[in-house]
Amino acid sequence: MSELLQKVQVVCVLFRRIHPPAARLSALQRNFGLPAHRLICEVPTRWNSTLHMLERLCEQQAIVKFQQQHTRTDPLCFPEEYSCIKEQDPEKRMKELDWCTCGGCEIMNSVNDCLCCSEIYALESFLSPEITCICKHPSFKDVCQDRDEIIRLLTSMQIVSGHAFDIENPRCLRLAAYRAFSMWVHGPLGKHNRRPIPTCVVLQIRANFPVQNGSYTGFQYYQDVPLTQSDLDLNF
């Protein structure tokens with residue numbers, strides 16, 4: 001959660017100091033039917049400033065997303081992260097499963113890993129009344145569970161990165177499967193740019209390429225990965 005708060009603070013600073021001037025911001029707010037409010041930055045010495053910052057960002061998120069799309073900048077906060085920002089107690093996700101509506105999730109060991117596919121904006125076009133979970137999509141098995149396809153992807157990753165991957169190592173196979181899912185849903189994200197993968201997908205991939213001791217790292221943002229692993233850009 002501390003990482004997410006840092007990202008929110010950066011967004012608010014950018015939109016107060018760099019992004020559209022007051023006149024442009026006011027015009028956007030009128031077009032979107034939003035209150036004429038500026039984003040609020042957290043001030044450590046000011047009581048409740050963190051809460052006010054989060055509330056204001058949620059109120060103005062339509063403008064933030066619009067401006068980032070039209071300036072062709074990568075979003076600092078991804079759509080699925082707004083669901084965590086809105087929650088008063090994100091840690092509750094590790095206690096109750098009411099955040100899952102696809103029926104394929106379980107409670108995980110971190111908030112980042114507790115994410116339903118129905119909460120991810122990029123998956124909206126993949127889901128329908130008949131396909132309520134991305135794991136039930138006709139292409140999911142071919143993309144994320146076909147061992148031959150995963151090995152081919154791992155081989156190409158090895159050629160591009162120059163690093164040797166053991167195609168019999170379940171961890172390497174999971175890495176390639178997660179990479180395949182991200183490419184399928186989001187397209188190329190660029191180096192070190194990661195997005196959380198829904199819990200249901202993680203569980204399916206872990207079941208397909210399990211580790212004997214049942215110990216998994218879970219999702220990590222690039223800046224949280226140890227330097228010994230960051231060059232490989234390993235997610236899991």
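Good morning. The structure is a predicted model, in which local features need a pLDDT of at least 70 and side-chain atom pairs count only at pLDDT 80 or more, while totals for chains, interfaces and linings use all residues. Residues are numbered from 1 along each chain as its sequence is written, and side-chain values use heavy atoms, with hydrogens and water left out.

I begin with the overall picture. The protein chain contains 10 helices and zero strands, where helices are DSSP runs of H or I with at least four residues, strands are runs of E with at least two, and both are numbered from the N terminus. Of its 236 residues, 41% count as buried; buried means under 20% relative accessible area, exposed over 50%, and partly exposed in between, with a 1.4 Å probe and protein chains only. Contacts here are heavy atoms within 4.5 Å. Among those between residues at least 6 apart in sequence, 61% join residues at least 24 apart.

Next, confidence. pLDDT is the predictor's confidence in each residue, from 0 to 100. The chain averages 78, and 75% of the residues score at least 70. Helix 9, residues 199-208, has the highest mean, at 95, whereas helix 10, residues 227-230, has the lowest, at 49. Over residues 230-236 the pLDDT stays under 50, and for this stretch the model has 29 contacts beyond four places in sequence.

I now turn to helix 7. It spans residues 147-161, 15 residues in total, and reaches 21 Å from its first C-alpha to its last, close to the 21 Å expected at 1.5 Å a residue; the expected span is 1.5 Å times one less than the number of residues. Which residues of helix 7 are buried? They are Ile150, Ile151, Leu154 and Met157. Seen down the helix axis, the buried residues fall within an arc of 115°, so they line one face of helix 7; the arc is that of the directions from the axis to the C-beta atoms. In general, an α-helix has 3.6 residues a turn, so residues three or four places apart point the same way.

The buried residues of helix 7 pack against helix 6 (140-145) and helix 8 (170-186). On the face turned away from that buried side are the exposed residues Arg152, Ile159 and Val160. Leu153, also in helix 7, is partly exposed at 25% relative accessible area. Beyond four places in sequence, Leu153 touches Ala176, Arg179 and Ala180.

At the start of helix 7, a side-chain oxygen of Asp146 comes to within 3.0 Å of the backbone nitrogen of Asp148. After the helix comes Gly162, with a positive phi near 80°.

A further buried residue is Arg93, with a relative accessible area of 2%, in the loop between helix 5 (79-86) and helix 6. A polar atom of the Arg93 side chain lies 2.7 Å from the backbone oxygen of Cys114.

Finally, the cysteines. How many disulfides does the structure hold? There are zero, a disulfide being a pair of cysteine sulfur atoms within 2.5 Å. The sulfur of Cys144 has its closest cysteine sulfur in Cys135, 7.9 Å away, too far for a bond. For Cys200, the closest is in Cys133, at 3.8 Å, again too far for a bond. Cys144 is buried at 0% relative accessible area, and Cys200 is buried at 1%.

Note on methods:
A polar contact is a pair of N or O atoms within 3.5 Å; within protein, one must be able to donate a hydrogen and the other to accept it, and residues adjacent in sequence count only if both atoms are side-chain atoms.
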